[in-house]
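Look at the model below before reading on.

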2 protein chains.
Amino acid sequence: MIRTVMVVEDDDAIRMVLRTNLEDEGYRVLEATTAEQGLVIVQDEQPDVVLVDLRLPGIHGLDLVRSLRATSQVPIIIVTAQTDSHDVVAGLEAGADDYVTKPFVAKELMARIRTQLRRSAQPEEGDEDLTCGPIELHPDTAEVMRNGEQIPVSRIEFFVLAELIGAKGRVLSRDHLLRKVWGYGNAGDGRVVDNLIYRLRNKIEDDPANPELLLTVRGFGYRMKA
Amino acid sequence: MIRTVMVVEDDDAIRMVLRTNLEDEGYRVLEATTAEQGLVIVQDEQPDVVLVDLRLPGIHGLDLVRSLRATSQVPIIIVTAQTDSHDVVAGLEAGADDYVTKPFVAKELMARIRTQLRRSAQPEEGDEDLTCGPIELHPDTAEVMRNGEQIPVSRIEFFVLAELIGAKGRVLSRDHLLRKVWGYGNAGDGRVVDNLIYRLRNKIEDDPANPELLLTVRGFGYRMKA
DNA sequence: GGGTTATGTCGCAGGACTGTCGCAGGTAGG
DNA sequence: CCTACCTGCGACAGTCCTGCGACATAACCC
């Protein structure tokens with residue numbers, strides 16, 4: 001299951017660093033530079049975690065935290081340059097779940113994000129069942145099993161498979177997969193998805209030329225067998 | 001379900017960018033360069049969202065917003081180069097639902113459009129029932145079933161069928177279908193629709209020569225059996 | 001009925017879509 | 001530094017789609 005992290009941060013450099021690190025961890029990253037933007041995108045995309053810089057142009061980060069908390073249970077982590085404990089306390093009281101102070105250690109931030117994700121994942125009905133016929137996905141270990149035996153898949157292959165199985169039979173367009181797995185950046189690409197599907201089929205299908213699990217829907221995209 | 005976005009913008013470059021982005025997201029795009037044009041097309045086509053530039057030649061965008069709001073519930077998003085809050089406030093008071101300021105981040109605009117679409121879609125009865133006699137459409141999988149068995153249809157055939165069944169027995173003109181399914185590009189075409197209907201009948205009718213589901217209304221167009 | 005228009009029917013060719021596979025630059029690990 | 005793997009890219013081939021044109025047929029009007 002691909003997790004989405006929203007970053008509300010106006011400093012381009014810091015945002016870039018965060019994006020890089022988060023993507024390295026396998027998250028999908030959404031970005032906003034203002035509180036207003038952040039609010040809209042959070043409502044629209046429903047990310048799994050939100051990182052908020054307290055010092056934002058216009059509306060203050062604290063107010064964003066309150067607004068978010070008013071309508072959503074999404075875990076909020078404050079990222080602030082101010083070591084001033086007053087701000088941190090105010091942030092937590094406003095409804096934030098955790099905080100880190102700049103300059104932060106990326107690894108630590110990643111750890112805190114995982115913690116928040118784990119916490120928020122519990123109330124849900126466990127991790128969704130990522131199973132499709134003989135194929136079984138273990139998000140914890142990033143392993144793919146087929147008839148109980150592990151088969152090696154690359155990082156991107158894993159995410160594509162997770163996205164497809166998570167969709168439970170619905171057709172996913174190439175665009176959708178590009179956005180969800182590759183991120184917005186690769187918008188203009190050509191046959192990347194097709195190639196990856198081809199490689200996936202070679203790993204999960206008995207007869208890759210006549211797929212029974214990972215099906216093509218001509219003109220629309222791909223889908224897993226229901 | 002194909003969503004339609006109307007863009008009222010006189011700047012060719014910006015309009016082009018918007019079109020590209022919107023089409024990438026899977027929307028059908030209508031364009032107008034003046035408020036007058038916009039008003040006519042909106043009434044004619046009933047798009048799902050309207051983007052309005054405030055600075056238009058002739059009638060001001062604000063007046064367009066008022067005119068639209070007087071006769072329609074369509075979500076309106078203002079796109080303006082002016083960060084001046086006065087204009088934005090005036091726009092929202094005139095009946096707009098949201099706004100973005102140029103230069104805008106395409107991603108953000110797309111997100112806001114999705115938000116507006118979701119908001120306006122809620123009052124409807126969820127996914128419509130795309131069924132007509134023995135024919136059943138599954139938008140999720142882009143499949144067409146007939147008496148429970150899947151029959152292969154192409155992308156365009158699927159959309160035409162969806163449009164016809166969605167109209168629940170009403171007659172749809174060739175022009176209507178051309179615009180809704182093919183888009184404006186193929187405006188001047190001749191018998192494309194007839195051809196497609198012919199092919200569809202061969203797939204869904206027991207006796208294609210004596211159609212009982214997909215009926216001809218001479219002089220007007222086609223319709224599904226009620 | 002005869003003329004006229006609208007629609008049905010069907011084959012064809014160009015093009016769009018997808019599968020397939022090799023290649024090379026990049027990256028991580030040793 | 002070397003190796004193995006990953007990954008995006010491009011090329012080619014096969015399949016299917018689709019617009020077009022031509023003719024046949026049916027509906028309409030006088």
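Labels and their cut-offs

Q: Which residue is the bridge partner of B:V7 in strand 2 of chain B?
A: The bridge partner of B:V7 is B:E31, in strand 2 of chain B. This is a predicted model, where local features need pLDDT of at least 70 and side-chain atom pairs count only at pLDDT 80 or more, while totals for chains, interfaces and linings use all residues. Residues are numbered from 1 along each chain as its sequence is written, and chains are lettered from A and ligands numbered from 1 in the order in which they are written.

Q: What makes strand 1 and strand 2 of chain B a pair?
A: Two strands pair if DSSP finds at least two bridges between them. Strand 1 (residues 4-8) and strand 2 of chain B have five bridges. They therefore count as a pair, and the sense is parallel.

Q: Why is strand 2 of chain B called largely enclosed?
A: A residue is buried if 20 or more other C-beta atoms, placed from the backbone, lie within 10 Å of its own, exposed if 12 or fewer, and partly exposed in between. In strand 2 (residues 28-32) of chain B, four of the five residues are buried, so the rest of the structure largely encloses it.

Q: Why is strand 4 of chain A called largely enclosed?
A: Strand 4 (residues 76-80) of chain A has four of its five residues buried, so it is largely enclosed by the rest of the structure. Its partner is strand 3 (residues 49-53) of chain A, parallel over four bridges. Within that pairing, A:D53 has A:V79 as its bridge partner.

Q: Is B:A142 buried or exposed?
A: B:A142 has 21 C-beta neighbours inside 10 Å, so it counts as buried. B:A142 sits in the loop between strand 7 and strand 8 of chain B. Its phi is near 60 degrees, a positive value in a residue other than glycine.

Q: What makes B:K168 partly exposed?
A: B:K168 has 14 other C-beta atoms within 10 Å, so it is partly exposed. Its loop joins helix 6 to strand 10 (172-173) of chain B. B:K168 is not a glycine, yet its phi is positive, about 50 degrees.

Q: Why do strand 6 and strand 9 of chain B count as edge strands?
A: The open sheet has four strands of chain B in the order 6-7-8-9, paired antiparallel. Strand 6 (131-132) and strand 9 (149-151) each have a single partner strand, so one side of each lacks a neighbour in the sheet. Strand 6 and strand 7 (residues 135-138) of chain B are antiparallel over two bridges. There B:C132 stands opposite B:I135.

Q: Which strands of the sheet does helix 6 of chain B touch?
A: Helix 6 touches strand 6, strand 7 and strand 8 (143-146) of chain B. Its direction makes about 115 degrees with that of strand 7 of chain B.

Q: Why are strand 10 and strand 11 of chain B at the edges?
A: A second open sheet in chain B has three strands in the order 10-12-11, paired antiparallel. Strand 10 and strand 11 (214-217) each have a single partner strand, so one side of each is left without a neighbour in the sheet. Strand 10 joins strand 12 (residues 221-224) by two bridges, and B:L172 stands opposite B:Y222.

Q: What makes a nonpolar core, and which residues have the most contacts inside the largest?
A: A nonpolar core is a set of buried Ala, Val, Leu, Ile, Met, Phe, Trp, Tyr and Cys residues joined through C-beta atoms within 7 Å. The largest has 50 residues, and A:L161 and B:L161 have the most contacts inside it. Apart from it lies another core of 33 residues, including A:V5 and A:I76.

Terms used: Two residues are in contact if their C-beta atoms, placed from the backbone, lie within 7 Å. Axes are lines fitted to C-alpha atoms, for helices over the stretch in contact, and angles run from 0 to 180 degrees between N-to-C directions.
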